[in-house]
Amino acid sequence: MRTLLTLSAEVVTREIPEIVDFNKLKSRTTEEALAELVSELGIVYVTALTRQGCSGCETQKPLFRTLAERLSQVNYQGGDKRESWNSKRIFGHAAYPTYTIHVKSHVGPLEIYRSVYPPMEELEKQIKESFELAEFYKVEAETASRSRTDEL
């Protein structure tokens, strides 16, 4: 029996979404993958980790798609069981579906939210609130950069 992993790594901005292909991340270490995925300041990164054949994932997919249509586009990438273990290695999740939200700070990517099987209303609320944190960390990074420049 073949198990397929479905991963949607979404970059949610207030304007145009960018789709990130999981195949680019699966050969990386956790730190490398997150640094590549969460690459810009002021942006909210939402990742949905699902697996084909997972009843909870199948229930959540249409709900997430509806939410994603309001916030951004969704791209699902199929694969085999190794991809499921690669996603667990990279993202450290134990079950499907798992949703994470990250933002970048001057100390690197920070996880803002993680939930297994969340209500879409809660996920939407967390995404919207994460924009404030993303902006805060962007300002903090710019301030830290100016401080380092002033010290030189």
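The model is predicted; local features require pLDDT of at least 70, side-chain atom pairs count only at pLDDT 80 or more, and totals for chains, interfaces and linings use all residues. Residues are numbered from 1 along each chain as its sequence is written, and side-chain values use heavy atoms, with hydrogens and water left out.

The protein chain contains four helices and five strands. Helices (H or I, at least four residues) and strands (E, at least two) are DSSP runs, numbered from the N terminus. Along the sequence, the pattern is β-β-α-β-α-α-β-β-α. The chain has 152 residues, and 43% of them are buried. Buried stands for under 20% relative accessible area, exposed for over 50%, and partly exposed for values in between (1.4 Å probe, protein chains only).

The interior holds nonpolar cores. A nonpolar core is a set of buried Ala, Val, Leu, Ile, Met, Phe, Trp, Tyr and Cys residues joined through side-chain atoms within 4.5 Å. The largest one has 15 residues. Val 44, Phe 64, Ile 101, Leu 123 and Ile 127 have the most contacts inside this core. Two or more residues each come from β3 (44–51), α2, β4 (98–105) and α4. Helix α4 gives the most, with six residues. A second, separate core has 13 residues, among them Ala 33, Leu 37, Cys 54 and Phe 91. In the largest core, Leu 123 is one of the residues with the most contacts. Beyond residues up to four places away in sequence, Leu 123 touches Phe 64, Leu 67, Tyr 99, Ile 101 and Tyr 113.

Helix α1 spans residues 30–37, and its Ala 33, Leu 34 and Leu 37 are buried. These residues lie on the same side of α1 because they cover an arc of only 95° around the axis. The arc is that of the directions from the helix axis to the C-beta atoms.

Helix α2 (residues 55–71) includes Gln 60. Gln 60 counts as buried because its relative accessible area is 2%. Its side chain makes a polar contact of 3.2 Å with the side chain of Tyr 99. A polar contact is a pair of N or O atoms within 3.5 Å; within protein, one must be able to donate a hydrogen and the other to accept it, and residues adjacent in sequence count only if both atoms are side-chain atoms. A polar atom of the Gln 60 side chain also lies 2.8 Å from the backbone oxygen of Pro 118. Neighbours within four places in sequence aside, Gln 60 is in contact with Pro 97, Tyr 99, Tyr 117, Pro 118 and Met 120.

Pro 97 is in the loop between α3 (81–91) and β4. The peptide bond from Tyr 96 to Pro 97 is cis, with omega near -10°. Tyr 117 is in the loop between β5 (108–116) and α4. Its phi is near 60°, a positive value in a residue other than glycine. Tyr 117 counts as partly exposed because its relative accessibility is 39%. The C-alpha atoms of Tyr 117 and Tyr 96 are 7.4 Å apart, although 21 residues separate them along the chain. Leaving aside neighbours within four places in sequence, Tyr 117 contacts Gly 56, Thr 59, Gln 60 and Pro 97.

Helix α4 covers residues 120–151 and includes Glu 124. Glu 124 is buried, because its relative accessibility is 15%. Apart from neighbours within four places in sequence, Glu 124 is in contact with Leu 67 and Arg 70. Lys 128 also belongs to helix α4. At 47% relative accessibility, Lys 128 is partly exposed. Lys 128 and Val 44 are 84 residues apart in sequence, and their C-alpha atoms are 8.8 Å apart in space.

The structure holds one aromatic pair. Phe 136 and Tyr 137 form this edge-to-face pair, with 5.4 Å centre to centre and 65° between the planes. Rings of Phe, Tyr and Trp (its six-membered ring) pair if their centres lie within 6.5 Å; planes under 30 degrees apart count as stacked, over 60 as edge-to-face and the rest as tilted. Phe 136 is partly exposed, at 43% relative accessibility.

Conventions. Contact means heavy atoms within 4.5 Å.
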